[in-house]
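Dear colleague,

I am passing on the structure we spoke about, and I would be glad if you could look through it with the notes that follow beside you.

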Amino acid sequence: MPVISSEKDVEALRFTIVAEFDASVERVWQIWEDPRQLERWWGPPTWPATFEKHEFEPGGKANYYMTGPEGEKARGWWKFTAIEAPNRLEFDDGFADENWAPVDDMGITHAAVTLENIDGKTRMTTVSGFESAEQLQKMLAMGMEEGMKEAMGQIDAVIAAPAPI
Amino acid sequence: MVVDQVSDSELDRLFQALADATRRDIVARVLTGEYSVSGLAAEYAMSFAAVQKHVAVLERASLVTKEKRGREQMVRIHLEGLRRARRLLDDYEEIWQQRVARIDDILAEG
């Protein structure tokens, strides 16, 4: 797996994932720049993404939807806040209604992507920051991670042990 | 933006339920066996009503079940709910891992 590390920083409301790819920085940049490549990996196979608009420039917007197994569509928008080819891009990511108007109360994620050349390979660091009240819930989900892991360890013990009485 | 097969409200209930340290502690306790609500209340420096409220949140998130027995309300872990919680959480965490794997596949095409 090309993933080197991932980290959930509860206090800073941040999720970071670092991956290394056996390709040039310019090649990896294309998977963000080219919407046809982007939509091949942004959504899972069960919810593929389609980018209707992709203004890949500072201040530009992207509109996309993800199509669920029943044909339902979930729409989202991006706003590119920084683009420095081929090393850095940043964008805000939020939900949209059927007219592509931002659904503000669902919260915005800010993503910062950095591509670095490390001995001919490309290290991609993606930092996702959660800012709004609704995003807080996603942060809380991360906050519960440790508690969950503890609880999960105990489940296995409980399942393995004979039932009391 | 993250989209998964599960509904947002379902996820929210689950995440909210487990976002609180007391509720996580209640889950950890009832994992070892059933507790009465008053038995749980005795473990925390808070009112019976407050503990009852925490239990109700866990119940709504399908993490515990409550059953009336005599004058007591017995709280038990709902393992299926907890397993589902783990699955949802794993899904959530894996979104980026999977994206990275898909990127790697695309890059491998040359």
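**What was found**

Chain A has a secondary structure that comes to 3 helices and 8 strands, and please keep in mind throughout that this is a predicted model. Read from the N terminus on, the elements of chain A follow the order β-β-α-α-β-β-β-β-β-β-α. Of the 165 residues in chain A, 27% count as buried, and among the contacts in that chain between residues at least 6 apart in sequence, 34% join residues at least 24 apart.

In general, an α-helix has 3.6 residues a turn, so residues three or four places apart point the same way.

Turning to chain B, you will find an open sheet formed by 3 strands in the order β1-β3-β2, with antiparallel pairing. The edge strands of this sheet are β1 (35-36) and β2 (64-69) of chain B, each of which pairs on one side only. Strand β1(B) is joined to strand β3 (residues 72-77) of chain B by 2 bridges, and the two run antiparallel; within β3(B), V75(B) is the bridge partner of Y35(B). Helix α2(B) packs on the sheet, where α2(B) touches β1, β2 and β3 of chain B, and the direction of α2(B) makes about 85 degrees with that of β3(B). Helix α4(B), for its part, lies across β2 and β3 of chain B and runs at about 120 degrees to β2(B).

How do the two helices of chain B, α2 and α4, lie relative to each other, and at what angle do their axes cross? The axes of α2 (residues 21-30) and α4 (residues 48-60) of chain B come within 10 Å and cross at roughly 75 degrees. Because angles of 65 to 115 degrees count as roughly perpendicular, α2(B) and α4(B) are therefore roughly perpendicular to each other. The contact is made on the α2(B) side by T22(B), R23(B), I26(B) and V27(B), and on the α4(B) side by H54(B), V55(B), V57(B) and L58(B). Sorted by class, this contact of α2(B) with α4(B) has 5 nonpolar, 2 polar and 1 charged residues.

Conventions:
Residues numbered from 1 in each chain as written. Chains lettered and ligands numbered in written order. Predicted model: local features only at pLDDT ≥ 70, side-chain atom pairs only at ≥ 80, totals over all residues. Axes fitted to C-alpha atoms, helices over the stretch in contact; angles between N-to-C directions. Helix = DSSP H or I, 4+ residues; strand = E, 2+ residues; numbered from the N terminus. Parallel < 35°, antiparallel > 145°, perpendicular 65-115°, else oblique. Contact = placed C-beta atoms within 7 Å. Nonpolar A, V, L, I, M, F, W, Y, C, P; charged D, E, K, R; others polar. Pairing = 2+ DSSP bridges. Buried ≥ 20, exposed ≤ 12 C-beta atoms within 10 Å, placed from the backbone.
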